[in-house]
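Subject: Handing over a structure

Hello,

I am passing on to you the structure placed just below, and I would ask you to look through it before reading further.

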Amino acid sequence: MKGIDCSTRISATVAKQLKETGYGFIARYLVPDKYSKHLTAEEAKIISDSGMDILSVWETTARRASGGGSTGQPDGATAFQLAREIGQPEGSAVYFAVDYDAHPADYDAIERYLRAVGAQLKGKYIVGVYGSHDMVEEMLRRGAAKTAWQTYAWSGGMKSAKANVYQYKNGVTVAGIEVDLNESYGGEGFWNMAGRSKMIDNITS
């Protein structure tokens, strides 16, 4: 399935154009409202009403996950609260971004971050991770995340066979807004305001 991610709030007009262009999902930021890129309940309804699904991503700063458990605990708690407030259904995923060229020396701290996040999500939401090929594969191998959204960046041309979502191009203008382009392969943890979690759908179908 084709999809996008962006920091721009999606209007009904843009959602309609994206759907008509063939996009099936939009990744948006599940972050506090002090960040202008934050997803709102109204926007989630617009995306859902258009027939597209939502992928929730947490990112405040690019290297936040390198802080380990001390940053994972508050991030996970806030993500849980926001998911509840916005109406994200249980069983869907929240992807936590590692938006830099993480090296093996960082992996232990990133694992601690994701495990602290998971403890705060209380088994209600799936822990996903976004980042480079090697990093997402390592976090899946360690069991620190259940789903992976790989970016082509910092990946040396490699594409993980384990990735649920793959971001393959940045900085493209579609429907008048700047977006990154993605494709998905199942088990992503998408959701919509109809209350259906695509993580559950894909696992049980």
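A search of the whole structure finds twelve salt bridges, a salt bridge being a side-chain nitrogen of Lys or Arg within 4 Å of a carboxyl oxygen of Asp or Glu. Please keep in mind that this is a predicted model, in which local features need pLDDT of at least 70 and side-chain atom pairs count only at pLDDT 80 or more, while totals for chains, interfaces and linings use all residues. Residues are numbered from 1 along each chain as its sequence is written, and side-chain values use heavy atoms, with hydrogens and water left out.

One of these salt bridges is between E43 and R9, at 3.9 Å from N to O. Since E43 belongs to helix α2 and R9 to the loop between β1 (2-5) and α1 (12-21), the pair ties together parts that are 34 residues apart in sequence; helices (H or I, at least four residues) and strands (E, at least two) are DSSP runs, numbered from the N terminus. E43 counts as buried at 1% relative accessibility, whereas R9, at 40%, counts as partly exposed. Here buried means under 20% relative accessible area, exposed over 50%, and partly exposed in between, with a 1.4 Å probe and protein chains only.

A second salt bridge joins D75 and R64, at 3.0 Å from N to O. It links distant parts of the chain, with D75 in helix α3 (residues 69-86) and R64 in the loop between β3 (53-58) and α3, eleven residues apart. D75 is buried, with a relative accessible area of 3%, and R64 is partly exposed, with 28%.

R84 and E90 also form a salt bridge, their closest N and O atoms being 3.1 Å apart. Elsewhere, salt bridges that share partners join D108, E111, R115, E138, R141 and R142 into one network.

K37 sits in the loop between β2 (25-29) and α2 (41-49).

As for the whole, the protein has six helices and eight strands, and buried residues make up 55% of its 205 residues.
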